[in-house]
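Please keep the picture open as you read.

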Amino acid sequence: MNILKSLGLVAACAMSLMGAPAVAQSALNDILSGGTLKVGTTGDWNPMSVRDPATNSYVGYDIDVMTQLAADLGVELEMVPTDWKTLVNGIVAGNYHITGSASISPPRLKAAGYSDSYLSVEILPFTTEDKLDRFDDWASINMADVNVATTLGTTFEANTRAWFPDADITIVEAPARGFQEVLSGRADVFITSNIEGSTLLTKFPNLRQIEVMEPRAPTPIAMLLPQTDQVWINYVNSWIELKEAQGFFDETAAKWGL
């Protein structure tokens, strides 16, 4: 009887294991077995990720970081084009294993995971030289006769809606950008990070930063990752810690003027 009971228990355990759902393979295993690290990037955030349409190649801070990550993994790097409104969806759908830099925000946290942060940004407003005397702080932007342009799906869009409820807001869809609306004269103001802002001021002499008492929304930025893939998240976080200790992130930031 004892032998029969034991055999019954073994059979029951076997059936239980057969009925259990399979554990999903980590993206890390997929990367190592496939030999390719797939990175989602928008290619429109200078100097983080900039796409050259003529060659379909990318340059920038993020590209340098991801090139080093792929090298340390011993795999090839594939940049996967995406845009801000579908950046999170691409991670959830498995279109890429990781993204370039993205600001950490509660809406994104609901669907995706993040790496540890390695850089921070803060938000500033910008206009053109001919309109600069109309603005003297954040409150002067929140007026009915002011048009604020922003890009669909970015954290700047959410900030624009929250900060300037009385202003006229123009939403453009990537690859168009809010700053292009201001440069063309179709809008008065756009907001962006101090990182992109400094680059745009150098590139477009007609742009000016609006003087404000202080920047808004200081925000850490990090890489988006599959939310439940703790193996891959742990690898990336340990890699970030190692590279920070070695000075890689400081050197890369200095290279791109961050």
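This is a predicted model: local features need pLDDT of at least 70, side-chain atom pairs count only at pLDDT 80 or more; totals for chains, interfaces and linings use all residues.

Residues are numbered from 1 along each chain as its sequence is written, and side-chain values use heavy atoms, with hydrogens and water left out.

Helices (H or I, at least four residues) and strands (E, at least two) are DSSP runs, numbered from the N terminus.

**A helix pair**

Let's begin with H2 and H9. Their axes (lines fitted to C-alpha atoms, for helices over the stretch in contact) give angles from 0 to 180 degrees between N-to-C directions. The two helices pack at about 75 degrees, with axes 7 Å apart. That makes H2 roughly perpendicular to H9, a term for angles of 65 to 115 degrees. Contact means heavy atoms within 4.5 Å, and the residues that meet are listed here.

| Helix | Residues | Contact residues |
|---|---|---|
| H2 | 27-34 | Ala27, Leu28, Ile31 |
| H9 | 230-245 | Val231, Trp232, Tyr235 |

The residues of this contact divide into 6 nonpolar, no polar and no charged. Nonpolar here covers Ala, Val, Leu, Ile, Met, Phe, Trp, Tyr, Cys and Pro; Asp, Glu, Lys and Arg count as charged, and the others, Gly among them, as polar.

**Helix H3**

H3 (residues 61-73) has 13 residues, which at 1.5 Å a residue should span 18 Å; its end C-alpha atoms are 19 Å apart, which agrees. The expected span is 1.5 Å times one less than the number of residues. Buried residues (under 20% relative accessible area, 1.4 Å probe, protein chains only; exposed is over 50%, partly exposed in between) of H3 include Tyr61, Asp62 and Leu73. After H3 comes glycine 74, with a positive phi near 75 degrees.

Three strands form an open sheet in the order S5-S1-S6, with parallel pairing. S5 (76-81) and S6 (98-99) stand at the edges with a single partner strand each, so one side of each lacks a neighbour in the sheet. Two strands pair if DSSP finds at least two bridges between them, and 2 bridges join S1 (residues 36-41) to S6. Valine 39 has isoleucine 98 in S6 as its bridge partner.

**Proline 175 and helix H8**

Proline 175 sits in the loop between S11 (168-172) and H7 (178-184), and counts as exposed at 73% relative accessibility. The buried residues of H8 (residues 194-203) include Glu196 and Leu200.

Definitions and conventions. Angles under 35 degrees count as roughly parallel, over 145 as roughly antiparallel, 65 to 115 as roughly perpendicular and the rest as oblique.
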